Amino acid sequence: MDGAAQLSVTEDEAGRIALALEGPLLVSTVGPLDRELSALSQEVTAIDLSGVEEIDTIGAWVMCRLAATHEAEITGASPRAKRLLDAVENAGSDASMTPPRVPVWKRVPEAMGELVFDMRAGIIGVVGFLGRVLIAAGRLMRHPSRFPMKAMVHQMELVGVSALPIIGLMSFLIGIVIAQQGAVQLEQFGAEALTVNLVGRITLRELGVLMTAIMVAGRSGSAFAAQIGTMKLTEEVDAMRTIGISPAEVLVIPRILASTFMMVLLGFYASIVAIIGGAVVGQFALGIPFFTFLERIQEVVPTYDLWVGLIKAPVFGLIIGLAGCYHGMRVEGNSEQVGLRTTMAVVSAIFAVIVLDAFFAVFFTEIGWG
């Protein structure tokens with residue numbers, strides 16, 4: 001091949017060979033030569049570079065590796081080639097390319113310790129974030145004229161009004177599923193009429209608010225984290241601090257209040273729509289007239305079931321808003337952090353909502369609202 005390094009081999013009586021190379025030993029030409037040298041099975045005693053026109057670091061590395069493998073002597077190198085060969089040879093290392101694998105009885109405790117330490121750092125970050133939010137809330141209470149009402153109304157529209165179609169559809173379908181599946185199971189005991197009780201209590205007390213919280217966490221909590229995180233990357237948050245505007249006042253508090261207030265309305269709306277979905281199933285599958293189903297709901301569902309849902313809703317909204325804004329404010333470094341923190345905001349919010357729902361279930365049962 002034109003322009004490629006050439007190799008000539010001279011063999012002595014003992015079967016040992018001497019190599020003479022000609023042409024350029026460059027990264028663009030040394031590939032075929034390297035494969036040819038790797039295929040040599042005889043012992044190499046000398047490597048003659050007097051015919052080499054040009055050489056770079058890769059060519060020098062190939063020659064040094066060949067010489068070290070066969071304990072051969074390199075001769076005929078030009079001053080420039082000799083400087084490269086000496087530099088590459090001195091830069092060599094016999095260190096292992098892969099780190100030693102730590103035994104499992106050391107890896108597991110170390111990994112658990114790192115998780116505990118990260119949890120400690122996370123708790124400190126959450127407490128610090130809550131402190132900043134409370135301080136900002138205190139400043140707004142002392143100076144009500146600074147409250148960003150337009151920002152909160154805008155966030156209430158995004159969290160609540162814009163979510164009505166998807167939450168309504170989800171709740172309607174959930175009501176249909178609960179009524180249909182409940183009727184199938186209750187039919188075995190001849191108690192299809194109790195489907196009304198099942199739909200009314202489970203939607204007002206649990207599923208209406210819980211499923212709405214999960215939907216809001218996935219829809220609005222992720223938006224909070226992504227919006228604030230992007231503003232941090234583009235240094236808009238730093239610019240606010242520079243001109244004397246508190247990010248907690250204009251970014252965090254409006255979003256937290258919007259998610260808290262709108263969760264009450266969305267939870268109640270979702271429960272009503274789910275009951276309507278159950279009434280539709282009652283009309284067409286169970287022979288229960290639509291309005292009779294709704295009237296029966298008022299008779300069989302205790303009032304405290306409605307209060308249970310209304311009490312849980314703002315707490316869930318507060319958790320969702322805090323999670324989204326906290327992870328958004330923690331974004332730093334690069335755009336990958338936006339996606340990571342958005343995912344963490346949704347996961348942590350949903351996890352906290354489900355855990356709190358379990359505590360609420362036990363608490364309300366203990367006080368007689370079971």
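The crossing of H7 and H9 is right-handed, a crossing being left-handed if the near helix is turned anticlockwise from the far one by less than a right angle, and right-handed if clockwise. By class, the contact of these helices has 15 nonpolar, nine polar and one charged residues, where Ala, Val, Leu, Ile, Met, Phe, Trp, Tyr, Cys and Pro count as nonpolar, Asp, Glu, Lys and Arg as charged, and the others, Gly among them, as polar. Helix H7 covers residues 195-233 and helix H9 residues 247-286, packed at an angle of about 145° with axes 7 Å apart; axes are lines fitted to C-alpha atoms, for helices over the stretch in contact, and angles run from 0 to 180 degrees between N-to-C directions.

This is a predicted model, in which local features need pLDDT of at least 70 and side-chain atom pairs count only at pLDDT 80 or more, while totals for chains, interfaces and linings use all residues. Residues are numbered from 1 along each chain as its sequence is written, and side-chain values use heavy atoms, with hydrogens and water left out.

Within helix H9 lies Ser271, which counts as buried at 2% relative accessibility (buried means under 20% relative accessible area, exposed over 50%, partly exposed in between, with a 1.4 Å probe and protein chains only). Leaving aside residues up to four places away in sequence, Ser271 touches Thr203, Leu204 and Gly208, contact meaning heavy atoms within 4.5 Å.

For the protein chain, some overall values follow.

| Quantity | Value |
|---|---|
| Radius of gyration, protein chain | 36 Å |
| C-alpha span along principal axes | about 110 × 60 × 45 Å |

Notes: Helix = DSSP H or I, 4+ residues; strand = E, 2+ residues; numbered from the N terminus. Rg over C-alpha atoms; globule rule 2.2 N^0.38 Å.
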